[in-house]
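Visitor: Please show me the model, and then take my questions in turn.

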Amino acid sequence: MSRPNVLAIIQARGGSKGLPHKNLLPLAGHPLVAYSVKAALDTPSITRTIISTDSEEIAAVAAHYGAEVPFLRPAEFAQDLSIDIDVFGHALQWLLDNENYTPDLVVQLRPTSPIRTIHHIEDAIQRMLATPEADSLRMITSAPITPYKMWLYDEETASMRPLLQHPTLKEPYNEARQKLPPVYWQIGTLDVIRPSVILEKKSMSGYPILPYVLPFDYAIDIDDMNSFLKAEEVMKRLDCVKFETNFVND
């Protein structure tokens, strides 16, 4: 039986308003984007690693660390409001049209969520390979706040209504937290998706979605300097993907 073709796609656009040039900022001595490249290259089941970026500078840094740069992402898919399905649809279609290449699985490794382990990535891939009926796998963690105590507020009418109802609890927002069902929050650590879900269903998840539960410490999404510094602190104490030496730009 041939080895499954597993493609890691790392999306890293050049523009960022919250934290300018964040994908190139040094995190514990290395550019942020480098951690996703290293995670992909160190994972045994990942057979190919590419960067999807509109920035020649990010492309050069990612290539320095070992990623392929088969194309530069068109500007139309690198805007503030660009969504994952456009980025991944473009990448997979480009590879199909130009290389006649279609992987068995796609792994999304967001540079802004660098707190991850090789074990988690490999285990997630193996779970997808063992579950052909699943469209995707997504990382989740216990939500720190229950949505049953959240509200929708209409400023025009100065009125509000509960975000969620419950089938057996009349007023869940007035109940003790212990009586409410546990709720999970999706995090950006990684997703594993079948290419047909992206290209044919035009979705980044499809259905069914396999859950992969991680501790809350892994829920880091870098969008400002505070979260950047927090990621650096968490990386030092967790056994996650990291470099042994500082980056030397040669």
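Visitor: Which residues is Pro144 in contact with, leaving aside its neighbours within four places in sequence?
Guide: This is a predicted model, in which local features need pLDDT of at least 70, side-chain atom pairs count only at pLDDT 80 or more, and totals for chains, interfaces and linings use all residues. Residues are numbered from 1 along each chain as its sequence is written, and side-chain values use heavy atoms, with hydrogens and water left out. Contact means heavy atoms within 4.5 Å. With neighbours within four places in sequence set aside, Pro144 is in contact with Trp185 and Phe216.

Visitor: Is Pro144 buried or exposed?
Guide: Pro144 lies in the loop between strand 6 (136-142) and strand 7 (151-154); strands are DSSP runs of E, at least two residues, numbered from the N terminus. Buried means under 20% relative accessible area, exposed over 50%, and partly exposed in between (1.4 Å probe, protein chains only). Because its relative accessibility is 59%, Pro144 counts as exposed.

Visitor: What is the relative accessible area of Met150?
Guide: Met150 is also placed in the loop between strand 6 and strand 7. Met150 is partly exposed, its relative accessible area being 34%.

Visitor: Why is Thr189 counted as buried?
Guide: Thr189 belongs to strand 9 (residues 184-193). Not counting residues up to four places away in sequence, Thr189 touches Gln108, Leu109, Ser113, Ile115, Arg116, Met139, Leu214 and Tyr218. Thr189 is buried because its relative accessible area is 0%.

Visitor: What separates the C-alpha atoms of Thr189 and Asp154?
Guide: Along the chain, Thr189 and Asp154 are 35 residues apart. The separation of their C-alpha atoms is 34 Å.

Definitions and conventions
Helix = DSSP H or I, 4+ residues; strand = E, 2+ residues; numbered from the N terminus.
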